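Visitor: I would like to learn how to read the features of a model like this one. Please take me through them one at a time.

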Amino acid sequence: MENRLLNPQLLKAQAYHVQDASGMLKLDAMESPYSIPESIKATWLEKISSASLNRYPDPQCEDIRTQIIKDHNLAEDYDVMFGNGSDEIIQILIQAIAQDAGPIMSVNPSFVMYDLVSTLNQRDYVSVDLDQQFCLDEKKWFAQIQEKKPALIFIAYPNNPSGNLFPRALIEKTIEKAPGLVVIDEAYALYSHDSFLEDVAKHPNLLVLRTVSKMGLAGLRFGLLFGHKRWINQFNKLRLPYNINCLTQVSMAYFWQQRALFSEQAKEIISEREKVSQQLSQLSGVTVYPSQANFILLRLENTLKSATDVFNALKEKGILIKNMDKPKGHSLHQCLRVTISNPQENNVLLSAMKQILESN
Ligand SMILES: *Cc1c(COP(=O)(O)O)cnc(C)c1O
C-alpha cells in the first residue's frame, strides 16, 4: 500500500545514515572537541533553569534576532532567519522555490543535504563535478548555469567534504550571472579566512547561511540565514512557528554574548589543523588537501592499504573518521575525511595513522 500512498522519491531514498560512535574517538562529524567553557557554565545553567518550559517559545526569537542584527550592523532592509540547524533552512529554501522556476544546483562533491532535500521534495537537482584537486572548472560551471538556469545555487564556502574555498572572483561572478538565488553556506566560517556575509547588502540575490554546529554547539540545533527582507519575509511563512525551542533560545542568547570564547577555541583547532595536515602529508602515499575548515580531506595513492582498509583499521583502534571513498574516476576515489580535534586526540589519530600505514 505504501507504493500507492507515498512520494515515489521517498520510497527510493535511503535514510540519512549516522555511524554508530559509542565508545569511539569521534572524528567523523566536524564536531568541536570542547564542551561549554567552565568559566561560563554556571551562568548558562542558571539561565536554562529559569526558562519557561510550560510556555511556547518566542516564534520570532526576538531577543537573539535583535542582538544579531545589531552586532552584524545589518542595514534596515536586511534580516536574519533562524532554523533548527542550517539543515532546516536548506529545506525551507528548497521548498520555497517554485516547481517550474528551474533546478537546484551545486557542485559535486558537496554537502549531501542539497541533493537529498531537493530530491525528497521532488525538485530537479543538478551538479557540476569538481576535478581531482576539488577545483571548479569555470567554463563548465558557467556553461551549466547558462544551460540549466538554476533557481537556487548552493555553494559551501569552504566546501564540505573537500575543505577548500573556491576563488572569490568565481563566486562573485556566479552571483552576478545566476538567474536566481545564490546561497553561500558558511558552516565553517569560524575556521575560514574569508566570508560573504558583508557582501549580502551588495547583491539582491545573495543569501548567507551559517550554523553554530561546527563551533561547539551542534547539540543546540541553531542555524542562521542572512539576506534581504524580500526573501526572508517569504521564507518565514514556510518556517514552522516554534522551530527554535526555548532551551536553544535561552542558550543562544547567552552564548552569542560569549562568542569570543568560541573564537578562541577555533584558533586552537586552526593551528592543530596545520599541524595534523603537515604530519599526515609526510606519510608516504598520503595527499592532504588544503583546508579552511575544522576537517581535512586525505587521499591515499600507491599505498599497500586502501582508504577502506585504513578506515577499518582506525575503527579497530577505536577511532571513527569518515570514509569518503568512491569508485575510480570519481574525485573522492581513495579519500578519507578527518575532523580536527584537540592536541591530545589528534596525536592519538596521528600515531594510529603512522602505525597503520607503516606496517604491512
Ligand atoms: C555541517 C554542515 C551543515 C549542517 O549544519 P547544521 O546547522 O548542523 O544543520 C550545513 N552545511 C554544511 C556545508 C555543513 O558541512
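Visitor: Is Phe196 buried or exposed?
Guide: Buried means under 20% relative accessible area, exposed over 50%, and partly exposed in between, with a 1.4 Å probe and protein chains only. Phe196 has a relative accessible area of 0%, so Phe196 is buried. This is a predicted model, where local features need pLDDT of at least 70, side-chain atom pairs count only at pLDDT 80 or more, and totals for chains, interfaces and linings use all residues. Residues are numbered from 1 along each chain as its sequence is written, and side-chain values use heavy atoms, with hydrogens and water left out.

Visitor: Where does Phe196 lie, and which residues does Phe196 touch?
Guide: Helices (H or I, at least four residues) and strands (E, at least two) are DSSP runs, numbered from the N terminus. Phe196 lies in the loop between β6 and β7. Contact means heavy atoms within 4.5 Å. Leaving out residues up to four places away in sequence, Phe196 touches several residues, including Tyr157, Arg168, Glu172 and Leu206. Asp199 lies in the loop between β6 and β7 too. With the sequence neighbours up to four places away left out, Asp199 touches Arg168, Glu172 and Leu206. Asp199 counts as buried, at 4% relative accessibility.

Visitor: What sits over the face of Phe196?
Guide: A charge sits over a ring if NZ of Lys or CZ of Arg is within 6 Å of the ring centre and within 35 degrees of the ring normal. Arg168 lies over the face of Phe196, 4.0 Å from the ring centre. Elsewhere, the charged end of Arg337 sits over the ring of Phe295, at 5.9 Å from the centre.

Visitor: How many aromatic pairs are there?
Guide: A pair of aromatic rings is described by the distance of the centres and the angle of the planes. Rings of Phe, Tyr and Trp (its six-membered ring) pair if their centres lie within 6.5 Å; planes under 30 degrees apart count as stacked, over 60 as edge-to-face and the rest as tilted. The whole structure holds 10 aromatic pairs. One of them joins Phe82 and Phe222, a tilted pair with 4.8 Å centre to centre and 35 degrees between the planes. Phe82 is in strand β2 (residues 78–83) and Phe222 in the loop between β7 (206–211) and β8 (223–228), so this pair ties together parts 140 residues apart in sequence. Phe82 and Phe222 are both buried.

Visitor: How are the rings of Tyr157 and Phe196 arranged?
Guide: Their centres are 5.1 Å apart and their planes at 70 degrees, so the pair is edge-to-face. Tyr157 lies in the loop between β5 (152–156) and α8 (168–177), and Phe196 in the loop between β6 (181–185) and β7, so the pair ties together parts 39 residues apart in sequence. Tyr157 counts as buried, at 2% relative accessibility. Ring pairs also link Trp44, Tyr254, Phe255 and Phe262 into a cluster.

Visitor: What is the phi of Arg221?
Guide: Arg221 is not a glycine, yet its phi is positive, about 60 degrees. Arg221 lies in the loop between β7 and β8. Its relative accessible area is 29%, so Arg221 is partly exposed. Gln334, another residue other than glycine, has a positive phi near 65 degrees. Gln334 is in the loop between β12 (322–323) and β13 (335–339). At 16% relative accessibility, Gln334 counts as buried.

Visitor: At what angle do α4 and α10 cross?
Guide: Two packed helices are described by the angle between their axes and the distance between the axes. Axes are lines fitted to C-alpha atoms, for helices over the stretch in contact, and angles run from 0 to 180 degrees between N-to-C directions. The axes of α4 (residues 62–71) and α10 (residues 246–257) come within 10 Å and cross at roughly 25 degrees. In α4, Ile64, Gln67, Ile68 and Asp71 meet Gln249, Met252, Ala253 and Trp256 in α10.
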